[in-house]
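Please keep the sequence and the model in view.

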Amino acid sequence: MDAIRHTCLKLEVPTNAQPDERSSIFVKGTWNHHRFDLSITDGLHAWTCHATEDEVRLRAAQWDQKPSDYVALAERYLGFQQPGSIYGFADAGNGYKRLSWTFDKEGMKLEWRWKCQPASDNKTTTAEILNFLMDANIRLSEEVVRKTQSVERLKAESEKCLAQSEKICDEKVEFETAIYAKFLNVLNAKKAKLREYRDQLSKQTTTGSKLKQEEYSSDKTESFDDESDAEKN
């Protein structure tokens, strides 16, 4: 089964008495795949239009369209007011009205018109339109509340994540500082140990050089004494 869609559009249309003056009407649409129904009220009187599948098929054939495309285009202009479109709601005699709207196609401005008959019960039809608007307003208000609550939750989670991120960053800095301090202490200890080894090595080198010099001097003295004894002999 095709999904049924509902729309309600407020239009400012010229009045019959004074074309420069405008009056407000509400157009409620019920859209099927190949047909649609319209309920219209100005607050005091009401009208209806029932576009059957046969009528839609005939109109669509005149415009070289599929019935579904015809309904979709009508829904586009009667579900949401389109900029540049000229809407009208003129008398058609015997209490009937003719709802019209224009649209551009291939550089030409075209017009669609549907004849609307007086409602069998003005109060009931007007009440149905007002009830639909009230229900839609309630749904919209609830949706706004849900969206607001969702935004608040996202905001709270964002602030929580930011706080956690800042905490982790601070802990990282503290950890790196502590590690660096420990590393620095170890490095300084290693340097001190290396200096101690270097000093010890230096002392050992100096002591060894002195011993070698003393041994060299002793050997030289003994050689001199040996040469003197030889000369005496």
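**Exercise 1.** Does Tyr 180 count as buried or exposed, and at what relative accessibility?

Solution. The model is predicted: local features need pLDDT of at least 70, side-chain atom pairs count only at pLDDT 80 or more, and totals for chains, interfaces and linings use all residues. Residues are numbered from 1 along each chain as its sequence is written, and side-chain values use heavy atoms, without hydrogens and water. Buried means under 20% relative accessible area, exposed over 50%, and partly exposed in between (1.4 Å probe, protein chains only). At 53% relative accessibility, Tyr 180 is therefore exposed. Tyr 180 belongs to helix H3 (residues 122-232); helices are DSSP runs (H or I, at least four residues), strands likewise (E, at least two), numbered from the N terminus.

**Exercise 2.** Determine how many disulfides the model contains.

Solution. A disulfide requires a pair of cysteine sulfur atoms within 2.5 Å. The count is zero. For Cys 49, the nearest cysteine sulfur belongs to Cys 116, 4.7 Å away. Cys 49 is buried at 3% relative accessibility, while Cys 161 is partly exposed at 49%.

**Exercise 3.** Classify the aromatic pair of Trp 47 and Phe 89.

Solution. Rings of Phe, Tyr and Trp (its six-membered ring) pair if their centres lie within 6.5 Å; planes under 30 degrees apart are stacked, over 60 edge-to-face, and the rest tilted. The whole structure holds ten aromatic pairs. Trp 47 and Phe 89, at 5.2 Å centre to centre and 80 degrees between the planes, are edge-to-face. Trp 47 lies in strand S4 (residues 46-51) and Phe 89 in strand S5 (residues 87-93), so the pair ties together parts 42 residues apart in sequence. Both residues, Trp 47 and Phe 89, are buried.
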